[in-house]
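Could you walk me through this protein?

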Amino acid sequence: MGKSSDHEASRAYVYSTQRTSTGLANKAYSQSDHTFEFKWYRGPERQACANALCPRAASFSPLEWSTYALQGCRIQCIICSRLKVPRHKSIFCNAKCFKQAWKEHRATHAAVAQAQKKATNTAPGTGSDPSSPSLAGDGVDMVTVGSGEGGGALGVSIHSELLSIATGLSATGLLKGELLPEEHEDNGEDQWELFSTEPCITPSAADVGHCLRLECRAVLPDGSLVCMPRSVSTEPVLSVPPPPPRRALLAASKGPPPPGRFRIVSYNLLAEIYATQQAYPSCDFWALSWNYRRANLARELVESAADVLCLQKQHRGGGERPALQNNGRDTAQLRSEMRGGTAAGGSAGAGSEVQADAYHAFFQPLLLEKGFDGLYKSKTRESMGLVGKVDGCALFWRRNRFRLVENYAIEFNECARRSAGAIGLSPNTEEGNQYMHRLSKDNIAQVAVLELLQRPRAGRMGGPQQLCIANTHLYRQANPELPDVKLWQCHALLQELEHLVELEHFVMSRQLPLMVCGDLNSEPSSAVYELISTQRVSADHPDLSQDPCHVLPDASELTHNLHLQITHNLHLQSAYAAVTLDEPPYTNYTDSFRGTLDYIWCSAPDLRPLAVMQVPSEDDIRRCGPSMPNVAASSDHVLLCADVQVDRRRCGPSMSNVAASSDHVLLCADVQPQKYYSKG
């Protein structure tokens with residue numbers, strides 16, 4: 001396609017229907033010929049339910065207007081619509097309110113009809129309107145209009161054609177259902193206040209309880225309209241949801257906070273691409289929108305007062321930073337390029353400066369303002385098209401508490417390629433292809449070495465305290481569960497932590513305290529949990545029997561061949577189990593599953609868990625919805641939080657000490673594992 005064709009294809013058009021001497025013809029106006037004008041109007045405040053006794057009539061809290069809270073559908077009186085009664089006087093929040101107000105409401109029908117008939121008869125040259133609705137008592141049926149609190153049907157004696165049912169209320173009050181349009185409001189245009197001419201607005205506290213109207217015009221340079229103005233109105237704007245009940249901090253022992261204490265959070269945020277009505281049918285569609293959810297998520301993160309944030313299922317826009325390859329460059333040049341890197345506080349690579357999204361446009365600037373620096377790594381998924389629609393992991397640390405020393409990325413797809421090569425499997429063979437297909441699930445892990453900043457004390461000697469933090473999200477597949485894949489990924493992660501960047505015993509020889517955080521998609525009864533907590537997996541564990549592609553050693557190999565046993569040498573304990581003597585009852589609470597999938601692991605005895613944040617009770621969750629996410633909790637996972645103390649007697653050496661005692665150089669970069677990781 002030539003240049004002129006490219007330009008023509010990129011032009012936007014607005015079509016209008018114009019009447020000519022030959023009839024109707026479509027006329028197109030290119031984008032250069034017209035401009036758009038936007039006008040936002042704020043309407044008068046209206047009661048949200050026509051039942052004067054309804055407590056929701058003057059309440060605009062999202063907790064009151066979710067489908068779960070309404071226990072049914074919004075209802076509109078059709079007779080009121082036919083009588084051209086203003087819509088806000090004919091809509092009820094649910095069937096119970098409609099039943100409660102029916103006697104008084106029905107009496108208004110006759111009064112309105114009589115007043116309209118009188119006005120019609122007094123008008124010159126007019127008579128009765130044959131289309132006026134009959135308000136006689138005939139044709140009355142007993143119909144069911146909803147379900148009550150006790151589960152019984154509500155019978156209301158009304159005309160069988162009386163009801164128009166709609167469900168759902170958006171973040172700005174926009175109804176999803178088919179309530180009749182607001183054509184008969186009893187207010188003049190002078191009651192609609194123009195308050196913005198921007199194409200997009202964010203409702204403020206002044207808009208709560210008011211309907212909004214957007215009017216759009218396409219205008220030609222001479223001031224004439226391309227077509228008639230278009231407008232759309234919303235239902236009343238809802239207020240910001242109230243904060244959930246504060247979660248208690250469960251401490252292992254009483255006393256003042258010891259030195260070297262810091263707080264770490266692990267949280268699966270539920271990326272926007274997964275928050276759909278199909279996946280979470282119990283949650284209102286407006287509560288699943290990203291603009292609504294991100295405010296709740298940000299509030300949780302800020303209120304946690306964490307020093308380190310390990311976030312999973314984030315998504316970002318734009319291209320990934322190109323993989324760093326050596327290509328004959330000397331080490332100094334390579335390290336210089338790597339340090340340009342992907343940290344939030346530094347300049348991004350050329351491939352990163354593209355469209356904004358949840359990480360770059362929201363969480364990164366928000367947390368930078370709150371005193372954090374951070375790193376992001378997306379899942380592999382090279383073949384999925386737009387990178388902005390791929391989720392990943394993010395790790396943030398508070399600048400006045402920590403300094404980033406090193407950071408690495410582990411791609412389990414690459415680990416699978418290395419593993420296949422180590423056992424002699426070629427991807428060109430059927431067995432090798434099945435092996436790679438089974439293990440290539442695009443999951444990743446972040447690894448960062450942080451230096452704990454603290455004020456110098458008189459008389460204290462020694463190097464800075466360092467710790468290693470790994471953040472990951474293991475594979476999840478509902479049916480089948482693929483326990484072999486999750487166990488393989490977990491074992492690969494632990495191996496990489498032991499043998500990272502060609503340094504034997506990366507964590508152990510340097511005496512680095514280690515934390516592993518994330519959504520492991522594995523319950524405490526799983527082989528993954530057993531491997532992390534006991535350093536091995538029993539040969540008779542049920543998860544080992546589900547291995548159709550033989551990605552794990554079989555039971556006989558686990559028993560007789562020490563080199564093939566699924567083990568590791570990292571001494572890890574669960575922070576929650578260490579403090580409360582058990583894991584939480586759940587960290588994931590949905591319609592179809594309720595159980596513990598998320599963990600914060602600490603190396604012992606380098607790190608001592610001091611306290612953990614209690615998970616919300618089921619009563620607190622179900623106050624806002626039958627499951628998560630809901631109008632108050634914007635993820636299907638629970639935020640986990642732990643206070644941890646670093647043992648001062650076991651601190652990692654400084655970077656200079658490592659370099660002086662080793663022939664290897666630790667590269668400070670988010671690098672590809674195949675280039676700088678040992679084969680372990």
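This is a predicted model: local features need pLDDT of at least 70, side-chain atom pairs count only at pLDDT 80 or more; totals for chains, interfaces and linings use all residues.

Let's begin inside. The largest nonpolar core holds 55 residues, and those with the most contacts inside it are I264, V308, L309, I469 and M515. Helix α9 (residues 358–369) gives this core its largest share, six residues. Another core, of 45 residues, lies apart from it and includes L474, L514, V528 and V551.

Next, look at helices α10 (residues 412–422) and α11 (residues 430–439), whose axes come within 9 Å and cross at roughly 155°. Angles over 145 degrees count as roughly antiparallel, so α10 is roughly antiparallel to α11. On the α10 side, N413, A416, R417, S419 and A420 meet Y435, M436 and L439 of α11. The residues of this contact divide into five nonpolar, two polar and one charged.

Now for the loops. Two peptide bonds are cis: A604 to P605, with omega near 5°, and M628 to P629, with omega near 0°. P605 sits in the loop between β24 (598–603) and β25 (607–613), while P629 is in the loop between α16 (618–622) and β26 (640–646).

Positive phi turns up in A305, near 55°, and in H550, also near 55°; neither residue is glycine. A305, in the loop between α7 (290–303) and β14 (308–316), is partly exposed at 41% relative accessible area. H550, in the loop between α13 (527–534) and α14 (555–560), counts as exposed at 62%.

Notes: Residues are numbered from 1 along each chain as its sequence is written. Side-chain values use heavy atoms; hydrogens and water are left out. Axes are lines fitted to C-alpha atoms, for helices over the stretch in contact, and angles run from 0 to 180 degrees between N-to-C directions. Helices (H or I, at least four residues) and strands (E, at least two) are DSSP runs, numbered from the N terminus. Angles under 35 degrees count as roughly parallel, over 145 as roughly antiparallel, 65 to 115 as roughly perpendicular and the rest as oblique. Contact means heavy atoms within 4.5 Å. Ala, Val, Leu, Ile, Met, Phe, Trp, Tyr, Cys and Pro count as nonpolar, Asp, Glu, Lys and Arg as charged, and the others, Gly among them, as polar. A nonpolar core is a set of buried Ala, Val, Leu, Ile, Met, Phe, Trp, Tyr and Cys residues joined through side-chain atoms within 4.5 Å. Buried means under 20% relative accessible area, exposed over 50%, partly exposed in between (1.4 Å probe, protein chains only).
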